[in-house]
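Please read it alongside the sequence and the structure shown below.

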Amino acid sequence: MPLIEARGLVKDFHRPRRRTGRFAGLRTLVSRERETVRAVDGVSFSIESGELVGYLGPNGAGKSTTIKMLTGILTPTAGEVTVAGVVPWRKRQDNARNIGVVFGQRSQLWWDLPLVESLRLVGKLYRMPRTRYEENLAKFVELLDMRPFLDTPVRQLSLGQRMRGDLAAAMIYEPAVLYLDEPTVGLDVIAKERIRKFVADLSSTSGTTVLLTTHDMDDVEALCERLILIDHGKVLYDGTPAALKDSYAPQRELVVQLASPCEVTVAGARTVESGEGVVRLSFDPAETPAAALISELFGNYPVTDVSLQETDLEDVIKKIYAGRS
Amino acid sequence: MTGVRWQLRAALILLGGAVRGAVQYRADIVFTMIAGALYNGAGFATIWVVLDRFEVIAGWDIGDMALLYGMRLVAHGLWLVPFNQLDWFSDHVREGSFDRYLVRPASPLLQLLTTRIQFSPFGDLISGLVVLGAAMSAVDVDWGPLTVAYLVFALIGGALIEGGIQLALSSIAFRTLKADQVKLTVDSVFNLFGNYPARIFGTAGQLVLSVIPVVFVAYLPASVLLGRVDAAGLPAVVAWLSPLAGVVVATASYLVWRRMLLGYQSSGT
């Protein structure tokens, strides 16, 4: 049985219908008319124990709303959801013991307390045996390099430090599932790298199931074996990043360096750009294998170097977002 | 692990955190307690001035009035000490910071209430106890085990009424995002009318105050203690059982809160 299962999840939000024209404010106030916005529209997926899944989509696609239904914060309008056998919104407190949650935009630490005090309170709320708590604390202090700010009040921490503290607070009680909602937003390159390494370690050593939302494709490239892409509240794609690249951007590029400038024409490849002894060729690896293309080039032209360009996930996602209605 | 015993333990854990957080602002603690005591002292001084001119209000002399005022203020302090964090509740809902209470293994209400410790309600409670203590020796009541027990139940009942009504009104914010104004208005009504014998507002006024139900907080139980049940205008048994009203109101309010919680919409991110 999958650890996380969503079947036909729907979430509607209601707000009073805005009036325009004369006395618009007053008429909005007295009107009982409401408009409904469907943020999540029949999302289904199942995630097995130990998977590390990227949950992607443009702003307003319904990512956070889905996560909030999985965590028990929001009650679904329709559909079913279970996490480790628990229906989150029915049994919030039972669900809370199975999950760790990190919201990049909002800390869950105690604002006025030193970081170590927040972690201690979390340990007690999750009824951790003392020795186990001490072990995990020591491990996380080490992994996340938290020693320099362990005794600093949370309100004085930098964003990167606070995020590391939030990660430690979400994982110190060893939940089976970790939800990360934009954990690297606003962080510098080093801080992002540190968070990614921590999540990768956690996933491989403790077998924690991770569901990650992010706008940073480097996060996804570094971490995720599986992507779920949603837009307008619907699942567009569910599979590996490689298969996504293949289906949305099947063309790959080969950059060829030539000893002397010349015109290059090869069957099965299209010249994208040429000049100053460099030619960029675009081809579909399903029709023209890269090896065949390269050997043909070496046979017919004064080639000094070739390099095969990796398809950038960022470009693929951009293409998908741009193509949406 | 969601039972009452666990909830109490969780409350103690969280309260420990709140105290540690609060002691960082020590000066604030002292000032707010002084301010709370001064505010309520001024309220009672107003009644004193009125009584000084008229000597009795609807047959209640200064001692009787002090008993009523003291009971009301103690009941007010008793609910405000644990429930003062409700004042920030609609902000939490509107900004989505209520989320954090829904992903921790303890009752969300309990987590909200133990977020921070406020000290001004202790000022209310202390000044209420001072007035009540003075009134108890001034009034013509035979303070035996029975009357004292009744007083204690009445105070708890009064706290449950005010607290329950504020909780139910707060939970409206789960749907409307803001319920501060209606809460404030109702609180003002309790503060304004709860301190006087309801009879002085006439039959219609008394009826309204019975429905709201302001008279159950202190006026009816004080009437019972002072032996004026017949003058309260309600059946004697209602007056005698008035402390139970708190249990009914608080239970109903908690159920309303639980129901409204399912409509929580969080915020955009």
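Which residues point one way from β7(A), and which the other way? A:Thr209, A:Leu211 and A:Thr213 point one way, A:Val210 and A:Leu212 point the other way, and all are buried. The model discussed here is a predicted one.

Two other strands are paired with β7(A). Strand β3 (residues 52-56) of chain A runs parallel to β7(A) and is joined to it by 4 bridges; here A:Tyr55 stands opposite A:Thr213. Strand β6 (residues 177-181) of chain A also runs parallel to β7(A), with 5 bridges between them, and A:Leu178 stands opposite A:Val210. The chain passes from β6(A) through α7(A) to β7(A) in a β-α-β crossover that is right-handed.

## Salt bridges

Side chains of opposite charge can pair when their charged atoms come close. Over all chains, a search of the whole structure finds 26 salt bridges.

One of them joins A:Asp112 to A:Arg155, with 3.0 Å between the closest N and O atoms. This pair links distant parts of the chain, 43 residues apart: A:Asp112 is in the loop between β5 (99-103) and α4 (115-125) of chain A, and A:Arg155 is in the loop between α5 (130-143) and α6 (159-171) of chain A. A:Asp112 counts as buried, at 17% relative accessibility, whereas A:Arg155 counts as partly exposed, at 31%.

A:Arg194 and A:Asp145 form a salt bridge in which the closest N and O atoms are 3.6 Å apart. The two residues are 49 residues apart and link distant parts of the chain, with A:Arg194 in helix α7 (residues 189-206) of chain A and A:Asp145 in the loop between α5 and α6 of chain A. A:Arg194 is partly exposed at 27% relative accessibility, and A:Asp145 is partly exposed with a relative accessible area of 40%.

A further salt bridge, between the side chains of A:Asp201 and A:Lys197, has an N to O distance of 3.3 Å. Both residues lie in helix α7 of chain A, 4 residues apart, which is about one turn of the helix. A:Asp201 is partly exposed, with a relative accessible area of 24%, while A:Lys197 is exposed, with 54%.

## Aromatic rings

The search finds 16 aromatic pairs over all chains of the whole structure. Among them is the tilted pair of B:Trp60 and B:Tyr219, with 5.8 Å from centre to centre and 35° between the planes. B:Trp60 lies in the loop between α2 (26-54) and α3 (62-83) of chain B and B:Tyr219 in helix α12 (residues 219-226) of chain B, so the pair ties together parts that are 159 residues apart in sequence. B:Trp60 is buried, at 3% relative accessible area, and B:Tyr219 is buried at 3% relative accessibility.

Ring pairs also join B:Phe89, B:Phe98, B:Tyr101, B:Phe174, B:Trp257 and B:Tyr264 into a cluster.

## Charges over rings

Two contacts bring together an arginine from one chain and a tryptophan from the other. The charged end of A:Arg97 sits over the ring of B:Trp6, 4.9 Å from the ring centre. B:Arg100 lies over the face of A:Trp110, 5.1 Å from the centre of that ring.

How values were computed
Residues are numbered from 1 along each chain as its sequence is written. Chains are lettered from A and ligands numbered from 1 in the order in which they are written. This is a predicted model: local features need pLDDT of at least 70, side-chain atom pairs count only at pLDDT 80 or more; totals for chains, interfaces and linings use all residues. Side-chain values use heavy atoms; hydrogens and water are left out. Rings of Phe, Tyr and Trp (its six-membered ring) pair if their centres lie within 6.5 Å; planes under 30 degrees apart count as stacked, over 60 as edge-to-face and the rest as tilted. Buried means under 20% relative accessible area, exposed over 50%, partly exposed in between (1.4 Å probe, protein chains only). A charge sits over a ring if NZ of Lys or CZ of Arg is within 6 Å of the ring centre and within 35 degrees of the ring normal. A salt bridge is a side-chain nitrogen of Lys or Arg within 4 Å of a carboxyl oxygen of Asp or Glu. Two strands pair if DSSP finds at least two bridges between them. A crossover is right-handed if, with the strands pointing away from the viewer, the path from the first strand over the helix to the second runs clockwise.
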